[in-house]
Amino acid sequence: MNLDLTNKNALVCGSTAGIGKATAKQLAQLGATVTLVARNEEKLKETLIELPFEQGQKHNYFVADFTNTSELKTKLDIALKDKIFHILINNTGGPKGGPIFEADPEQFTKAFSQHLICNQILVQAVAPGMKTADYGRIINIISTSVKQPIDGLGVSNTIRGAVASWSKTLANELGPFGITVNNVLPGFTATDRLADIIGNASKRFDGSEEKASAFMKSIVPARRFAQPGEIANAVAFLASEAASYINGINLPVDGGRTKSL
């Protein structure tokens, strides 16, 4: 099975922590040259020196805040001047939790821009190069909520669903050019985001985060939370030549928690 990503350039968003960081490391381990994208330059620098470079890669980064779409376009223009990106990992932190009925309309607008609009900007920037190379992997890190809405994540459920539909449509349009578009749906994963979710869930357990965490593990057949690297393994496979005929799917990586098919 060919998992080698030597001579492939990867653009990884949200890559200074959690799943994004683990994915950047995994892609680099397989030979890809990685460009990190996040809003905190100090964390980008710290992550950069942690990336494997045994195959002579020259990894780099650029700073971008996804609340500023104009800035993102400008930074992409610069990044694309001297290279083609074969792999794009769309990964952005989820919206604030809470019941959907209590959400302000502005929360939906902000989340839609940070997730779907920024994804669209990124794809429009890198897809021409992918077409030239006859190789493209666009992988969106979303959530199992696109199959089964998660209580207390009203805005996130809504926006993630929109991104999944966008992605499926895009897969149909870009498939003829050797470009695949797939979604990875992480379940409960040991990241800062999960800590926030546990904090919200603790309200149902008299404020006990320990009880909330135990309950959440109990509804996962694997009886534990995922590590970021386990999600990154699935992303790396979809980025490889081995996954060349996999297109337009939602892949849960959740220990079996999602009950729908």
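Helix 1 (18–29), strand 2 (33–38), helix 4 (105–133), helix 5 and helix 6 (192–201) each give at least two residues to the lining of the largest pocket; helices (H or I, at least four residues) and strands (E, at least two) are DSSP runs numbered from the N terminus. This is a predicted model, where local features need pLDDT of at least 70, side-chain atom pairs count only at pLDDT 80 or more, and totals for chains, interfaces and linings use all residues. Residues are numbered from 1 along each chain as its sequence is written, and side-chain values use heavy atoms, with hydrogens and water left out.

Let's stay with the largest pocket for a moment. Its lining holds 48 residues, and N91, T92, G93, G94 and R193 lie nearest its centre. A pocket here is an open set of points on a 1 Å grid over the protein atoms alone, where a 1.4 Å probe fits, with protein on both sides within 12 Å along at least five of seven lines; lining residues have an atom within 4 Å of a point.

N157 is buried, with a relative accessible area of 16%; buried means under 20% (1.4 Å probe, protein chains only). Leaving out residues up to four places away in sequence, N157 touches S145, P149 and I150, where contact means heavy atoms within 4.5 Å. A polar atom of the N157 side chain lies 2.9 Å from the backbone oxygen of I150.

Notes: Buried < 20%, exposed > 50% of the residue type's maximum accessible area, 1.4 Å probe, protein only. Polar contact = N/O pair within 3.5 Å; in protein donor to acceptor, adjacent residues only side chain to side chain.
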